[in-house]
Amino acid sequence: MKRFSLWITLTLALISIAGVYFYITSAIEAQNNKVRQPRPEAKEQALEISVIDAKLGSYAAEIKASGLVEPRYSLTITSQVSGEVIQISDQFESGQIVKKGLLLATLKNTELTSLVASAKKSVASAELALKEENRQGEQARAEWKASGFTETPDSDLVLREPQLAAAQAELDSAKAALMNAQNNLKNTKLIAPFDALVVERTISPGSYLSSGSDIGTLYSIDRAEIKIDLSNSDWLKLPDTQTLLESNWPVTIANIDDKTNWQGTILSVGLHVDETTRMRSLTIGLNKPLEHTPPLIPGSFVAITLKGKLLDNLWRLPNTALSQKSEIWYLDEDNRLAAFETTPRFVDSKYVYIQVPKAMQNSPYQILIQPYNSYIKGTLVAPINATTTSVKGNNP
């Protein structure tokens, strides 16, 4: 009876083990079948980004610089002779305008007056001596002829030719001395050499001046000049020298303080590069600066704006379109992100002007308005088209 019970117990155990094995095997097979089933592919998510349509155009840069307004001529008048100041013109005052030829001041120098009188006496004596020598020469020639001689004398002293030349030289010397004395005396009258603004007067009535003493400072009023320095990149935006000088190329002069504008002209173009700054100069002029309303005052610090020549095959894009890495991001034909490095041809307050690569000039492109550093090339994009900011043609 005990053997039968043991056999029953073993049989039930084997059946239980077989059941568990079958269950586990079925579960593993089911799991394997589940793993082997193909998964559906995930759809690529497109990134929504704002873009604009960019088209080729021709645009002109504005070259900006600053400079100091200077007169065409700046002169510190000095005394050519010594003397006492005995008269000063009422117009010879700081801030006054004086005309060319105006007598600014007069010096008194009795020595110079005496020298003129002495020189005149010397001229008179030399003229008399020359006349006497002429008479004696004529008499000598007559006596030589009366003596029956037909040949020329062995010595030119016989006919007094050297004596006549010496008398003539003496007269020439006396006249030169008189002219010099008269010029020195004339220099006691100080004359304005051109129409000018009196910047400073440094003399007073009764002042005694030595030769070379300062009298005052004058600025010419016919033209103001502003010299500016431009880099090579700026010169590349301008036309050639002949066009700048002969075509009345537009130049705007603006007062930095109140933004008053004047229209200037280009006077000269520097044809050498400064060794220190590595820049070339350009000189701007404004005729009769003090007659404008308001006047352009010498010594003012002004801003200069030059219009550049038209540059072709450019994109005009918002300033934000240029990334921090100096890249322009755009969408390729598959609406995926792409970019190229560039250096703007020029910029202004709103736009950046990009030279379009030659391979991209024949097709329209969508440009990212504001690219981020996190963008990855090849990313699929769902473009959101903003207002087109670049149109074909010349900029206004």
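This tour visits aromatic rings, charged side chains and backbone features in a predicted model.

Begin with the aromatic side chains, where nine aromatic pairs are counted. Select Y73 and F194, a tilted pair with 5.8 Å from centre to centre and 35° between the planes. Y73 belongs to the loop between β2 (57–71) and β3 (74–78), and F194 to the loop between β7 (189–191) and β8 (196–201), so the pair ties together parts that are 121 residues apart in sequence. With a surface displayed, compare the two partners: Y73 is partly exposed at 41% relative accessibility, whereas F194 is buried at 16%.

Next, select W315, Y330, F340 and Y365, which form one aromatic cluster.

Proceed to two arginines placed over rings. Select R280 together with W235: R280 lies over the face of W235, at 4.0 Å from the ring centre. Then select R316 and Y351, where the charged end of R316 sits over the ring, 4.6 Å from its centre.

Now turn to the backbone. Most residues other than glycine have a negative phi, and most peptide bonds are trans. Select T293 and P294, which are joined by a cis peptide bond with omega near -5°. P294 is located in the loop between β14 (280–287) and β15 (301–318). In the loop between β14 and β15 one also finds K288, a residue with a positive phi of about 45°. K288 is partly exposed, its relative accessible area being 44%.

Finally, select N248, in the loop between α5 (241–246) and β12 (251–255). Its phi is positive, near 50°, and N248 is exposed, with a relative accessible area of 57%.

How values were computed: Residues numbered from 1 in each chain as written. Predicted model: local features only at pLDDT ≥ 70, side-chain atom pairs only at ≥ 80, totals over all residues. Heavy atoms only, no water. Phe/Tyr/Trp six-rings, centres within 6.5 Å; stacked < 30°, edge-to-face > 60°. Helix = DSSP H or I, 4+ residues; strand = E, 2+ residues; numbered from the N terminus. Buried < 20%, exposed > 50% of the residue type's maximum accessible area, 1.4 Å probe, protein only. Lys NZ or Arg CZ within 6 Å of the ring centre and 35° of its normal.
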